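Hi,

Here is the structure I said I'd pass along.

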Amino acid sequence: MNVRIDETDRKILSELQEDASRSLDEIAKAVGSSKTPVWNRIRKMREAGIIGRQTVELDAEALGFEATFFVLIRTSAHEAEWQNRFLAALKARPEVQEAHRLAGDIDYILKVRVRNARAYDAFYQALISEVRVHNVTALLSMEEIKSTSALPL
């Protein structure tokens, strides 16, 4: 479904990205509209797939997940069977917050959130027991400077 979005839609999306838990009345007021048209626009954008699932953002450190590792993976295997096993292994590991297939010298990069280095080692050992990789480099994030999922609308 191809939906055209206008400036009002962009304002609504910006408001939702900032805080989707706000009431429809608050969002409508912020974008200068009334509740029913805003609800209809949100519904259409959901149906079109522009707006996906809504979740709650948790504070990882407050919950004891103090270590973020960026894991660079090189593989010598590129067959469909290997890739399917690798992707299934990643999807099954809740520590993996993001996974990207890359162009260049590195094949994949993972963002892995764990409690500490020992927990990362357990993740690493489990991963390499499930799929063979050529080379793994883990980089520990010393400080998160910026993190957002908001798009620059």
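Glu 47 is exposed, because its relative accessibility of 51% falls over the 50% cut-off. Bear in mind that this is a predicted model. The partner of Glu 47 in a salt bridge is Arg 43, with 3.3 Å between the closest N and O atoms. Arg 43 has a relative accessible area of 30%, so that one is partly exposed. Both sit in helix H3, four residues apart, which means about one helical turn separates them.

Glu 81 is exposed at 58% relative accessible area, while Arg 85 is partly exposed at 39%.

Then there's Arg 41, which forms a salt bridge with Asp 6, the closest N and O atoms lying 2.8 Å apart. Arg 41 is in helix H3 (residues 35-47) and Asp 6 is in the segment before helix H1 (7-18), so this pair ties together parts that are 35 residues apart in sequence. Arg 41 counts as partly exposed at 25% relative accessibility, and Asp 6 does as well, at 34%. Asp 9 comes into it too: Asp 6, Asp 9 and Arg 41 are linked in a network of salt bridges.

For the overall tally, the count comes to seven salt bridges.

Cheers

Conventions:
Residues are numbered from 1 along each chain as its sequence is written. This is a predicted model: local features need pLDDT of at least 70, side-chain atom pairs count only at pLDDT 80 or more; totals for chains, interfaces and linings use all residues. Side-chain values use heavy atoms; hydrogens and water are left out. A salt bridge is a side-chain nitrogen of Lys or Arg within 4 Å of a carboxyl oxygen of Asp or Glu. Helices (H or I, at least four residues) and strands (E, at least two) are DSSP runs, numbered from the N terminus. Buried means under 20% relative accessible area, exposed over 50%, partly exposed in between (1.4 Å probe, protein chains only).
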